[in-house]
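Dear colleague,

Please find the structure below. I would be grateful if you kept it open while reading the notes that follow it.

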Amino acid sequence: MYRLIKQEGKARRGEFLTPHGMIQMPAFMNVATAGAIKGAVSALDLKELKCQVQLCNTYHLHLRPGDETVRKLGGLHTFTRWNGPILTDSGGFQVFSLAKLRNIKEEGVTFASHIDGHRIFMGPEESMRIQSHLGSTIAMAFDECMENPAEYDYARASCQRTVRWLYRCKEEHDRLNALPDTINPKQMLWGINQGSTYEDLRVGHMREIRKLNLDGYAIGGLAVGEPAEEMYRIIEAVEPEMPVDKPRYLMGVGTPVNILEAVRRGVDIFDCVMPSRNARHGHAFTWEGCRNLMNAKYELDTLPLDPTCDCPVCRNFTRAYIRHLFKSGEMLAMRLCVMHNIYFYNTLLERIRMALDSGQFEKFYQENVERLGKRI
């Protein structure tokens, strides 16, 4: 299902065939946590913004509106009107980051809802059933997301538990796909590598989970506050152990510079809330760096957010107007800035693919890695 087309150093140009269409890689997944991009951007907008994959979250959709409700309405594709590939995060990260009270056992995790505090249990089987109800293209395995940094002994025990949970995920996922009334009987399952910042645990864990020959593999538990160089070090340690013929997903990453650095180290696909979250606070990503529209210098600026950008926002609106909308508290400000940032991220990955196609990725990297990290 994954085809490696070309490679430059560690950087990979590939494509991944799914039941809901082909994903050209490297790729960015746009985060629609509860079934929508925050900032009033619908699934119908995403095609115009070069989006290939939508990411939705198991934890949030399980709480609202409920995965059974989504199932009755035909699954996420019908519910959201997005007809391309959808990846659902297993809910593990949210269970461990949002739930203030939680109890981890071999069976799974009991935790309090961040909405109303009611007690919920989620384990590998529950996560698989919820994702099956959602009907996503790709389901993520349920794993334990450790605090970072974590004590070595705890990290080792956690990795071992996550391996045991993965086998349970695989068994339940296979069972659900075989049911006659399953929304997506071709749903894929990807495993998640853990191990905190300990190279030996990361490598050992990757060797264990690749034995299951899953449809793809992710590196989780990074971009949670550790220095960027620590993240790059772990990617470099894990990458040689990842199957060459499977997609490689770096979860929750990141800045444009993070993406360039991770592609250079062999990563294929990314997700991050940064394009929409930063946009909602007036920060626009451009090919000159990140622009803060709240700055007074943009009050009379009649240029688009990025003069080199051909997104619908840059074709029609000025920095001065969008700044005015933010200052006035208008919802349109967030919508326009989110649309631009999503387009920018997807264009960044498109240009990375073009550079790889032409054997010019290293040149592209050197020309852009410094300026994309600037604040202007």
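This is a predicted model: local features need pLDDT of at least 70, side-chain atom pairs count only at pLDDT 80 or more; totals for chains, interfaces and linings use all residues.

Residues are numbered from 1 along each chain as its sequence is written, and side-chain values use heavy atoms, with hydrogens and water left out.

Eight strands (DSSP runs of E, at least two residues) form a closed barrel with parallel pairing, in the order β4-β5-β6-β10-β11-β12-β13-β14. Pairing requires at least two DSSP bridges between two strands. Three bridges join β10 (residues 138–140) to β11 (residues 188–193) in the parallel sense; I138 has M188 as its bridge partner in β11.

The largest pocket has a volume of about 950 Å³. A pocket is an open set of points on a 1 Å grid over the protein atoms alone where a 1.4 Å probe fits, with protein on both sides within 12 Å along at least five of seven lines; lining residues have an atom within 4 Å of a point. The volume is the space filled by probe spheres set on the points. Of its 39 lining residues, F93, Q94, G252, V273 and R277 are the closest to the centre. Helix α11 (a DSSP run of H or I, at least four residues) contributes the most to this lining, namely five residues.

Yours sincerely
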